[in-house]
Amino acid sequence: MNNQAILVLAIILPLNIIFAAMPYLSRKNLSFSISIPSAKWGIDEFKRIRRNYVLIVIAITILIAGAAFILINMNEAALISAGIFLNIALFYLAFFYSRKKTKAIKEEFGWEEDARDITITEITNDKSSKAPSLYIYLIYILVILGTIIMGYLLYPNAPDEIIMQTNLQGEVSSVIQKSTNLLLYVPAVQAFLAIVFLFSHFAIAKSASYVDPADPKTSAKAGRKHKRIWITTMFIGGLMMLLLFTFVQYSMFKGLDNAISGYVALGFTLVFVIGIVLVTVKTGQSGSRLAKTKDSETINRKDEKYWKAGIIYFNKKDPAIFVEKRFSIGWTINFAKWPSAVIIAVIIAVVVFSLLR
Amino acid sequence: MLIKIDFNSDKPIYEQIYDDIIKAIATNEISSGDMLPSVRRLGADLSVNLHTVAKAYTKLKNAGYLSTNRSKGMTINPPQQYRANAEYKSALKAKLTPLIHEANIRGLSYKDITKIIEEISPNKGVNIDE
């Protein structure tokens, strides 16, 4: 068993588990991003499409993992990148294929559409539906300050050469001479991460709420709870990331054995991923799994034409910048609004910058 | 309280928003001191232009139901601020007259019309004095 194959599997396995679960976690009035009557979600034809989709995802997993095991001589970084890229590309093929099948079934049955083009929202002063206070993010600042202080305390006894990178085999691949500037490297990363997680708080809180017209009160309440749960989850996830880097700072200046750092990082990531999966399964899309909503015999096609290929939301008339994803669980952006272009540009800039370093 | 917008309706969107908020106040789903979301927030949730929402809010403010509090935002005013006066009553009478006459023409009696009014009245004429 070679290390890089295991790493590829470790990355694509949770990914594909979530991909496979997506149709079952989405709201019942959607099938592969196509609007259907929620009462028809359970018919045999759709069951078959979902089952075949899962089988395809399993096949993709076996294919990519198998290739990773065979291509031992390939450069490790290239293998992992290619594997993940190919995995995601194949997933999209599976998605579009299932979407096509769904459209065919929909045409065959010719279900009635909602005669009215309506939109509903709920206004409430319910305190439990408010997002967690921003004051909790002060904890982030405390952690970062603590990390800096800890670094200063360890500095006198730290090794002269600080280990910066190790490869998968555990061998050291990059060291730097110890200097006081290095103390701020990890806190800088932490500060950046804190900003990213704070941004996710705003994005989720400001995002447009989806309300199912067939059962507006129940779905509105579930939707608010869904947002609150996710904001809390993101806060905890961010905290875990920050603490992981606190450990990195400790490991760097205490001169810890690389293996330990590796396992701790893996442990943190595992807990984080499992946590996300659990929350995803519990809440479902738009909180659809938090409460049982009434079924509808008709199709509500609100906004469907603005979802290009079912995955890209482009709606000039909608003032919302952040909206919920249509196929999977999470949030995406309204590409028709100019702040979206800014967000994408920033993300690309960050990736390019870190690659160039 | 639910706000429902029908994009295919003849009624302008801002009027639909206005009417739904009036209904919510009438049925006591929101009352004095409660906050309405910002124009951006409501616009985003309804996928409606925020200027349309602003138009509805302006109409509510002009009628005295809503006021913008600098710290709290858009809040519903206490009922004392919008008690029916003589001007309102005569305007209401003017609006109702053609509707009642048309109902008469079509054979609805006084009793029939009163029954309809009862069906749509949330508190059947009970005084809303605090």
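**Salt bridges**

Reply: Glu102(B) counts as partly exposed, at 43% relative accessibility. Keep in mind that this is a predicted model.

Me: Which side chain does Glu102(B) meet in a salt bridge?

Reply: Arg106(B). The N to O distance is 4.0 Å.

Me: And is Arg106(B) buried or exposed?

Reply: Exposed. Its relative accessible area is 69%.

Me: Which residues are joined into one network by salt bridges that share partners?

Reply: Glu122(A), Lys217(A), Arg224(A) and Glu29(B).

Me: How far apart are the closest N and O atoms of Glu122(A) and Arg224(A)?

Reply: 3.1 Å, and the two form a salt bridge. Glu122(A) sits in strand E3 (residues 118–122) of chain A and Arg224(A) in helix H6 (residues 216–254) of that chain, so the pair ties together parts 102 residues apart in sequence.

Me: Are Glu122(A) and Arg224(A) buried or exposed?

Reply: Both are buried.

Me: New topic. What does Lys106(A) form a salt bridge with?

Reply: Glu304(A), with the closest N and O atoms 3.8 Å apart.

Me: Where do Lys106(A) and Glu304(A) lie?

Reply: Lys106(A) is in helix H3 (residues 76–109) of chain A. Glu304(A) is in the loop between helix H7 (258–283) and strand E6 (307–308) of chain A. The pair therefore ties together parts that are 198 residues apart in sequence.

Me: Lys106(A) and Glu304(A): buried or exposed?

Reply: Both are buried.

Me: Last one. How many salt bridges over all chains?

Reply: The count comes to 10.

Conventions:
Residues numbered from 1 in each chain as written. Chains lettered and ligands numbered in written order. Predicted model: local features only at pLDDT ≥ 70, side-chain atom pairs only at ≥ 80, totals over all residues. Heavy atoms only, no water. Helix = DSSP H or I, 4+ residues; strand = E, 2+ residues; numbered from the N terminus. Buried < 20%, exposed > 50% of the residue type's maximum accessible area, 1.4 Å probe, protein only.
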